[in-house]
Amino acid sequence: MDYGKEVIKEMNGVCSLIREEDIDRVGDMILEANRVLVVGVGRVLISLKAWVKRLRHIGVDINFVGSETEGAVHEKDLLIVASSSGESAVPVQIAKIAKKHGVKIVYIGCNPQSTAGLLSDFAMKIPCKTKLGLPGEFPSFQPMSTLFEQVLYILGDVIAYTIMDKKKFDEEEVKNNHANLE
């Protein structure tokens with residue numbers, strides 16, 4: 001098996017099923033928020049940290065839950081919860097706490113009918129394989145939620161491009177906000 005080609009084929013298949021209007025809606029919700037926090041666990045959090053880095057480059061006040069510089073949440077903030085199953089304990093508990101503070105919640109995952117999905121103000125479905133083995137999941141040779149983690153990483157850049165377009169940012173703006181102590 002050519003693993004590289006198979007991974008790209010699976011990613012293309014899933015990405016073709018993501019609704020463009022959902023991408024736009026998440027981009028708009030990010031732009032409307034005062035601050036954005038993201039939460040996930042394991043490799044999902046690693047993908048989300050890439051979101052934080054890129055969205056900071058385009059002027060979004062964003063951080064991840066658990067960061068040393070996290071800060072308090074308020075009503076006009078947004079929490080993005082990423083979990084393939086929507087049942088991961090930490091993201092679900094964080095979403096419940098955020099809800100009590102009046103924070104808007106976006107769930108990004110494979111199971112909009114999950115606990116995290118039902119807690120959210122908007123659920124964006126990425127139809128990948130989960131640990132739950134739900135009907136209608138995109139088949140994958142990759143273990144557990146690997147395909148979801150890969151697509152989530154790329155989705156962060158796609159959403160960043162839509163925000164850049166809405167803000168009329170070009171690459172120079174990104175460079176101006178990029179780390180320069182390298």
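**Salt bridges and beyond**

Tutor: The structure holds nine salt bridges, and since this is a predicted model, every one of them should be read as a feature of that model.

Student: Ok, which residue does Asp-2 meet in a salt bridge?

Tutor: Asp-2 meets Lys-5 through their side chains, with an N to O distance of 3.9 Å, which falls inside the 4 Å cut-off for a salt bridge.

Student: And is Lys-5 buried or exposed?

Tutor: Lys-5 counts as exposed because its relative accessibility is 62% and the exposed class begins over 50%. Asp-2, at 43% relative accessibility, counts as partly exposed.

Student: Where do the partners Lys-99 and Asp-121 lie?

Tutor: The side chains of Lys-99 and Asp-121 meet in a salt bridge at 3.6 Å, N to O. Lys-99 belongs to helix α4 (residues 89–100), whereas Asp-121 sits in the loop between α5 (115–119) and β5 (122–125), so this pair ties together parts that are 22 residues apart in sequence. Lys-99 is partly exposed at 35% relative accessible area, and Asp-121 is partly exposed at 39%.

Student: Which residues do salt bridges with shared partners join into one network?

Tutor: That network is made of Arg-19, Glu-21 and Asp-22, which are joined by salt bridges that share partners.

Student: Switching to helices, how many residues does α3 have?

Tutor: Helix α3 covers residues 43–57 and has 15 residues, and the distance from its first C-alpha to its last is 22 Å, close to the 21 Å expected at 1.5 Å a residue.

Student: Which residues of α3 are buried?

Tutor: The buried residues of α3 are Val-44, Leu-45, Ser-47, Leu-48, Trp-51, Val-52, Leu-55 and His-57. When reading such a list, keep in mind that an α-helix has 3.6 residues a turn, so residues three or four places apart point the same way.

Student: What is the phi of Gly-59, after that helix?

Tutor: Gly-59, which follows α3, has a positive phi, near 85°.

Student: Which residues other than glycine have a positive phi?

Tutor: Met-144 is one of them, with phi near 45°; Met-144 lies in the loop between β5 and α6 and is exposed, with a relative accessible area of 63%. Another is Lys-168, whose phi is near 60°; Lys-168 lies in the loop between α6 and α7 (171–177) and counts as exposed at 72% relative accessibility.

Student: New topic: which residues make the nonpolar surface patch?

Tutor: Met-1, Tyr-3 and Phe-141 make a nonpolar surface patch of about 370 Å². Tyr-3 is found in helix α1 (residues 3–15) and counts as exposed, at 53% relative accessibility, while Phe-141 is partly exposed, with a relative accessible area of 35%.

Student: How many aromatic pairs are there?

Tutor: The count comes to one aromatic pair. The rings of Tyr-3 and Phe-141 have their centres 5.7 Å apart and their planes at 35°, so the pair is tilted. The pair links distant parts of the chain, with Tyr-3 in helix α1 and Phe-141 in the loop between β5 and α6 (146–167), 138 residues apart.

Student: And which residue lies over the face of Phe-64?

Tutor: Lys-49 lies over the face of Phe-64, at 4.5 Å from the ring centre.

Student: Last one: is Gly-109 buried or exposed?

Tutor: Gly-109, which lies in strand β4 (residues 104–109), is buried, because its relative accessible area is 0% and buried means under 20%. The C-alpha atoms of Gly-109 and Ile-23 are separated by 13 Å, and the two residues are 86 residues apart along the chain.

Note on methods. Residues are numbered from 1 along each chain as its sequence is written. This is a predicted model: local features need pLDDT of at least 70, side-chain atom pairs count only at pLDDT 80 or more; totals for chains, interfaces and linings use all residues. Side-chain values use heavy atoms; hydrogens and water are left out. Buried means under 20% relative accessible area, exposed over 50%, partly exposed in between (1.4 Å probe, protein chains only). Helices (H or I, at least four residues) and strands (E, at least two) are DSSP runs, numbered from the N terminus. The expected span of a helix is 1.5 Å times one less than its number of residues. Patches are made of residues with over 30% relative accessible area and no salt bridge: like charges are joined within 9 Å, nonpolar side chains (Val, Leu, Ile, Met, Phe, Trp, Tyr) within 5 Å. Accessible areas come from the Shrake-Rupley method with a 1.4 Å probe; for residues, only the protein chains shown count as cover. Rings of Phe, Tyr and Trp (its six-membered ring) pair if their centres lie within 6.5 Å; planes under 30 degrees apart count as stacked, over 60 as edge-to-face and the rest as tilted. A charge sits over a ring if NZ of Lys or CZ of Arg is within 6 Å of the ring centre and within 35 degrees of the ring normal.
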